[in-house]
Amino acid sequence: MQGVPLYQLRVYREDFFRVTKRLYSPSVASGPRDPSTFKENDKKLDNALCRARSVVREYAMCNDWEWFCTLTFSPLKVRDRWDLQGILVTLMQWLQNVRKNHCPELRYLLVPEKHKSGAWHFHGFFSGIQVSELPPFAPRKLRKNGYLDWPLFRERFGFCSFSSVKNPVAAGFYVCKYITKSLASSAAMKGVHTHYQSRGLRRSLP
C-alpha cells in the first residue's frame, strides 16, 4: 500500500514557519532489515547529525540573539586546548558563575569546532552580555569590520569576536554548518555533545 503524506507545521518565529513531509503507512508492517544492506554506525551517525542540526536551528531561530560569536582559547590560559571535555567543564562552570555574578540575563548557544591544529574553539550566539571594542592587538580586519570584544571572556580564556545578529533565520542556518560529521563522530567517541545552550531557551511550536 502506498504511503499517505503526513505534513507537520512548526512555528519558529512570528514570521517563520517550517513544513515537513513524510510518508505514513500504518497498515504496512515492515520486517527486520538485512544488516548487510546498510552500515549501522553510519546510519546512527547520520541520524544524530540530522537531529543535532535541527535542534540547533530551532534554538538559533526561536530566540532573540544579540551577538554571533567566535571563542578561542589561549595556550597561556587554557592548558590543554585539545581536551574538549576539560574545556567544557571549565567553560560551562565559568558561564554559570558569570550569569550569577555579572550578567543575570546571559543566554548562549554554542557549537564546538576543531581547528586544523586539533585545538577546539566555539561558534554560537549570546545575549545579555556587555561587549566593547576589540583591543588594539586584535586582528586589524576584525576591528575594521566592526567586530567587538567580551572582556570577561578574553581575560579568562583568550580571544573572542562578536558581531550583531541582523538576520536570525540566516544566522540559524549558518551556524549549523559547524555541526559536521566529524564533530558528531568526535562527540560520540568523547561522550560529549555537538552543542551547548543555557537553560530556558524557546523551541519551535507545533
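1. Basis of the note. This is a predicted model, in which local features need pLDDT of at least 70 and side-chain atom pairs count only at pLDDT 80 or more, whereas totals for chains, interfaces and linings use all residues. Residues are numbered from 1 along each chain as its sequence is written, and side-chain values use heavy atoms, with hydrogens and water left out.

2. Overall composition. The protein has six helices and nine strands; helices (H or I, at least four residues) and strands (E, at least two) are DSSP runs, numbered from the N terminus. Of its 206 residues, 40% are buried, that is, under 20% relative accessible area, while exposed means over 50% and partly exposed lies in between (1.4 Å probe, protein chains only). Of the contacts (heavy atoms within 4.5 Å) between residues at least 6 apart in sequence, 66% join residues at least 24 apart.

3. Strand S5. Eight of the eight residues of S5 (residues 120-127) are buried, so this strand is largely enclosed by the rest of the structure. Trp120, Phe122, Gly124 and Phe126 point one way from S5, and His121, His123, Phe125 and Ser127 point the other way.

4. Partners of S5. Two strands pair if DSSP finds at least two bridges between them. Strand S4 (residues 107-114) runs antiparallel to S5 and is joined to it by eight bridges; Tyr108 has Phe126 as its bridge partner in S5. In the S4 and S5 hairpin, five residues lie between the strands, and Gly118 takes a positive phi near 100°.

5. Ser74. This residue lies in the loop between strand S3 (67-73) and helix H2 (84-101). Ser74 counts as buried because its relative accessible area is 18%. Its side chain reaches the backbone nitrogen of Leu76 at 3.1 Å. Residues up to four places away in sequence aside, Ser74 touches Arg81, Phe157 and Gly158.

6. Cysteines. Is Cys176 buried or exposed? Cys176 counts as buried because its relative accessibility is 6%, whereas Cys50, at 53%, counts as exposed. Cys176 sits in the loop between helix H5 (168-175) and helix H6 (181-190) and, beyond its neighbours within four places in sequence, is in contact with Arg53, Val56 and Arg57. The whole structure holds zero disulfides, a disulfide being a pair of cysteine sulfur atoms within 2.5 Å.

Technical notes. Polar contact = N/O pair within 3.5 Å; in protein donor to acceptor, adjacent residues only side chain to side chain.
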